[in-house]
Amino acid sequence: MSAPQSELREALDAVAPLLEPRHVELALRVERFAAEQVRPLAASDDDAPEAERAHRYLALLREQGLLEIAVPGDDGAIDLRAICLARERLAAASAFADVMLVMQGLGTAPVAFGAAPALRARVLAAARAGAAAAFALTE
């Protein structure tokens, strides 16, 4: 186990009563993903246009199955512990990767909680598949 994973394991042990085994596995998996793919991408793409970067990160997050935890289930269910653990590990590697993960949840939550069933199913499935979710505020 690498030093960062060993340190993460110790940190997770401190909050073990609050986590299920799947949360620990997720945190370790996201740490490996962040070290192997996110950090190198973050170091190499600073000059890329933002939209291009966004789609690159969304593709990586989708490939790792992380959009599944960010986008609410068809019933509106969200695993907040999983989201927090994934965001913490991603943010340590790239703030942009963290933003792309959280925006999928922010952009789809209103649909999950208030849309008609057919629209909900279509939008949530698209967001889990990597379509960029949007979030906007008005006055």
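**Figure 1. Salt bridges across the predicted model.** A search of the whole structure finds 9 salt bridges. A salt bridge here is a side-chain nitrogen of Lys or Arg within 4 Å of a carboxyl oxygen of Asp or Glu. The model is predicted: local features need pLDDT of at least 70, side-chain atom pairs count only at pLDDT 80 or more, and totals for chains, interfaces and linings use all residues. Residues are numbered from 1 along each chain as its sequence is written, and side-chain values use heavy atoms, with hydrogens and water left out. Glu 20, Arg 22, Asp 79 and Arg 81 are linked in a network of salt bridges.

**Figure 2. Arg 56 and Glu 52 in helix H3.** Arg 56 forms a salt bridge with Glu 52. Their closest N and O atoms are 2.3 Å apart. Both residues sit in helix H3 (residues 50-63), 4 residues apart, so about one helical turn separates them. Helices (H or I, at least four residues) and strands (E, at least two) are DSSP runs, numbered from the N terminus. Arg 56 is partly exposed, with a relative accessible area of 28%. Glu 52 is also partly exposed, at 41%. Buried means under 20% relative accessible area, exposed over 50%, and partly exposed in between (1.4 Å probe, protein chains only).

**Figure 3. Arg 87 and Asp 98 link helices H5 and H6.** The salt bridge between Arg 87 and Asp 98 has its closest N and O atoms 2.6 Å apart. Arg 87 lies in helix H5 (residues 80-93) and Asp 98 in helix H6 (residues 95-114), so the pair ties together parts that are 11 residues apart in sequence. Arg 87 is partly exposed, with a relative accessible area of 30%. Asp 98 is buried, at 10%.

**Figure 4. Arg 89 and Glu 88.** This salt bridge has its closest N and O atoms 4.0 Å apart. Arg 89 is buried, at 14% relative accessibility. Glu 88 is partly exposed, at 44%.

**Figure 5. A nonpolar surface patch.** Ile 78, Leu 80 and Phe 113 make a nonpolar patch of about 320 Å². Patches are made of residues with over 30% relative accessible area and no salt bridge: like charges are joined within 9 Å, nonpolar side chains (Val, Leu, Ile, Met, Phe, Trp, Tyr) within 5 Å. Accessible areas come from the Shrake-Rupley method with a 1.4 Å probe; for residues, only the protein chains shown count as cover. Leu 80 belongs to helix H5. Leu 80 is exposed, with a relative accessible area of 57%.

Figure 6. The largest nonpolar core has 24 residues. Val 38, Tyr 57, Leu 61, Leu 66 and Leu 90 have the most contacts inside it. Helix H2 (21-44), H3, helix H4 (67-70), H5 and H6 each give two or more residues to this core. H2 supplies the largest share, 7 residues. A second, separate core of 7 residues includes Leu 8, Leu 19, Val 24 and Leu 28. A nonpolar core is a set of buried Ala, Val, Leu, Ile, Met, Phe, Trp, Tyr and Cys residues joined through side-chain atoms within 4.5 Å.

**Figure 7. The setting of the close-ups.** The protein has 7 helices and 0 strands. Along its principal axes, the C-alpha trace spans about 45 × 40 × 30 Å. Buried residues make up 43% of the 139 residues. The protein exposes about 7700 Å², and carbon and sulfur atoms supply 58% of it.
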